[in-house]
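Here are some notes for a first look at this model. Please keep the structure open while reading.

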Amino acid sequence: MRCNWGLLAWLLASNVIALETGNIDTTDIQRVSSSNEYSLAQLQTDEDTVNRQDTKSKEDQASFEHAAYILQQYQALLAKKSGLKSKSGSPLRTYRDITTLIPKFVRPYFKDMAQLVARTFGLTDRVGEKYLNRPRQSQPQAVQEAIQTIKDLAAAGHEDALFVLAEMEMYGQYMTEIDLDSAFEHYQQLADISGNATAQYMLGFFYATGLGSVEQQNSMALLYTTLAAIQGHHPAEATLASKHLAGIGVPMSCEKALGYYQSVARSAILYFQSGPILGHRIPDQRVRLSDDNGGTYGVRTGPFSLHKLIDKNSFDELLLYHMQDAEKGHLKTCMTLVDLFYHGHRFAPRNYPLTLKYLRQVLKQLMTDQITPRKGLSQPEMSIAAQAAGMYGIMHLRGEGMPIDTAAALKWLNAGAKMGHGMSCNALGVMYRDGIEVPANQERAIELFKLAADRGHQGGQVNFALAVMDVMPDIARENLKKAADNGHILAHFYLAELYAGLAAGESRCQMAVASYKYVSENGDWLHSPIPSAHAEFQQGELDAATLKYMQAAEMGYGVGQLNAALLLEAAAKRIDAAGRKSATGTGLWSLFKTRQAHLRQTLAYWTRAANSNMPDARVKQGDHYYYGVGVEQDAERAAAAYVVASEADANGLAMWNLGWMYENGVGVKRDFYLAKRWFDKSIEVNEGGKLASHLSLARLCIKYLWAWIRGEDVGESPLFFAPKPVTDEEEKMVQAKAKKQDDHADAQKQRVGGNLEDGDWERRAGALDADDADANDEDADEDDESLSGNLFFVILFLAAGWMFLPMR
């Protein structure tokens, strides 16, 4: 039982007031005096009890710290052994089922044959089990004892042990199995005992997503997430901000989202400015897991998909080639490697020693010992020298790969600034502003900031704006906007502060929220679940990765929503392929109570990812509605999603889908002309799908002829002689032609009035007739070309009778 200290204090205060104001009976005093010896004895006993409890608490804490240390060391060993070998690719393939290309009456036989072959050769188990999760190993004896110690302490109500146990059951740490229901119980117990903010946030996460056996309840999710946010828990604040901004489970409110995002963003900027000079480095770019396969649907399937899949081995080969080329002294190659190792890459982590190696190689060729450029350098070489000198000075200033040396930094930055390097001018301005190695000089600092801003350096633009904000606010805002457009985190923050401080208005609120959101999601050094989620994915811990990406999705990260949807969809396919009802062995279907709950949450994340402008997410949303996966089948809503993806994202797959739907009258009214229009557009934007679109056009032509012969409705516009989409140049020609016709009419009026001579009128009329004849000839040529192109495919595929059958 916990002691209610507030109530105890109130009772004590009440008794003190009674003693001061009330009349005390002497018999009461005597009675208290007579029992004085007993009270003293009882106090002594209580004191001994407290001492024993303190001793036991110290022993429990020592046991916990020892067990926690063992588990931490074991987890680090597991990460090291795994070597972060990526198991991406196969588990995330979300390509469409090939059976949709086969006529409907053949599909059941094909699927039965495929399942028979899979069972015969044991492919079912391999496909389903290979990527369910990393196979569990038996823990060492010391680790097993440490886990048992944690469980015993948690059963006794030890708060730290409860938290460690809940996290272990939540993510399957230390080679244990995920147990979501037990994790929920321990989070609940911890929240009840101490009001732990992380425990409250996790309870809200359970209720928001319906994980395990927990029923999805938006009201309970909002309650626990709000309780955590009140305590300043940043993931909870980001989650509430995202919900209020998008209206997920709560009324849409820009003002409430603004307050939560402002809190998270201000904390992020404080941390950014607490780092080395020029601030902490921005966290690494978020990785879209779909890029491992070239795109959500594969390589060359959409405007954002890759044209060629590059894996780690291919990247390493390319890197080795550049390193060998750099050894020959090629300056551009050296600077390419400098940029790669200084900023890091998903396949090449940041490496300051290698950065310094290639920087010094460049500086040795281009700079003298007096830190001046060598004579006779070309303009490109001068540009490289300025960039190298500036980067070398900044690494001295920040202590990157070497001890901090402000004197050397000053020399190299001066050299870079003299050659017009924007980054050097900005860093040198910071040194003058803050009095680092030189006397503080605000005027000189502003001058350098302006030079950097004029050269397009984002840091210089921000610093110049802050320096002149009071005297030139318009110029300051202009520079902040320029820097924000290039993604500078400080520019976004100060713009948000400006918008938030202006008069209330929905447009101002939206602009402030957008900038605060950018800062919160791109400056999340302390609270982002995405880095650990990606590490879990690379180690093959797909369920743990899914849970952490789901947390990022609830916080409003577009990458988190996309990756969570990908992993959930892939998990459903793996489990179905394995022929298993449960993926966890606990009676749950994957991470949820039922398959329908799993699919419904997948659709929710696809929809949110689409609203965050993630590649191909809108097409996935349409697929869910078309096939009725996780939602009631609705072809009209599927068509609406495909229209948005086609018009907003220029997605070739969505265009092909719309062409097929208009061809067959599914979800929309049958219209052969619109079907051809969408197929033509798909050919223009989707290079990898040209063959499929041409085949579809051939089938469309045959269907059109057959329907026309049978007297069916084929749409209002003709198929073969349909005009092509009008380009801008053609539109200008049409306008010019219309103007000439107007001039023709004006001329006729003037002739009627006797203002033109007969010869002038005949010359003008002849010129207009000639222009009309040329235009008609061009239109005829285009119609002939369109007709011949379509008829070619009709003749080529006329023998393919199966094209008459429904294909989807």
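1. How many disulfides does the count come to? One disulfide is counted, a disulfide being a pair of cysteine sulfur atoms within 2.5 Å. This is a predicted model: local features need pLDDT of at least 70, side-chain atom pairs count only at pLDDT 80 or more, and totals for chains, interfaces and linings use all residues. Residues are numbered from 1 along each chain as its sequence is written, and side-chain values use heavy atoms, with hydrogens and water left out.

2. The disulfide joins Cys254 and Cys509, with the sulfur atoms 2.0 Å apart. Its torsion about the S-S bond is about -115°, so the disulfide is left-handed. Cys254 lies in helix α12 (residues 254-273) and Cys509 in helix α23 (residues 506-522), so the pair ties together parts that are 255 residues apart in sequence. Helices here are DSSP runs (H or I, at least four residues), numbered from the N terminus, as are strands (E, at least two).

3. Are these cysteines buried or exposed? Cys254 is buried, at a relative accessible area of 5%. Cys509 is buried too, at 8%. Buried means under 20% relative accessible area, exposed over 50%, and partly exposed in between (1.4 Å probe, protein chains only). Two further cysteines can be looked up. Cys425 is buried at 0%, and Cys701 is buried at 2%.

4. Now the pair α28 and α29. Helix α28 (residues 617-627) packs with helix α29 (residues 635-649) at an angle of about 170°, and their axes are 7 Å apart. Axes are lines fitted to C-alpha atoms, for helices over the stretch in contact, and angles run from 0 to 180 degrees between N-to-C directions. The two helices are therefore roughly antiparallel to each other. That label is for angles over 145 degrees; under 35 is roughly parallel, 65 to 115 roughly perpendicular, and the rest oblique. The crossing of α28 and α29 is left-handed, meaning that the near helix is turned anticlockwise from the far one by less than a right angle, with clockwise being right-handed.

5. Which residues meet in this contact? From α28 come Arg618, Val619, Gln621, Gly622, Asp623, Tyr625 and Tyr626. From α29 come Ala635, Arg637, Ala638, Ala641, Tyr642, Val644 and Ala645. Contact means heavy atoms within 4.5 Å. The residues of this contact divide into nine nonpolar, two polar and three charged. Ala, Val, Leu, Ile, Met, Phe, Trp, Tyr, Cys and Pro count as nonpolar, Asp, Glu, Lys and Arg as charged, and the others, Gly among them, as polar.

6. Check the backbone at two places. Most residues other than glycine have a negative phi. Leu278 is not a glycine, yet its phi is positive, about 80°. Leu278 sits in the loop between α12 and α13 (312-327) and is partly exposed at 32%. Asp616 also has a positive phi, near 65°. Asp616 lies in the loop between α27 (595-611) and α28 and is buried at 5%.

7. Asp291 is in the loop between α12 and α13. Asp291 counts as buried at 18% relative accessibility. Leaving aside neighbours within four places in sequence, Asp291 is in contact with Leu306, Leu309 and Arg346.

8. Last, helix α20 (residues 458-468). Eight of its 11 residues are buried, so α20 is largely enclosed by the rest of the structure. Among the buried ones are Gly459, Gln461, Phe464 and Val468. The buried residues of α20 pack against α18 (422-434), α19 (442-454), α21 (473-485) and α22 (489-501).
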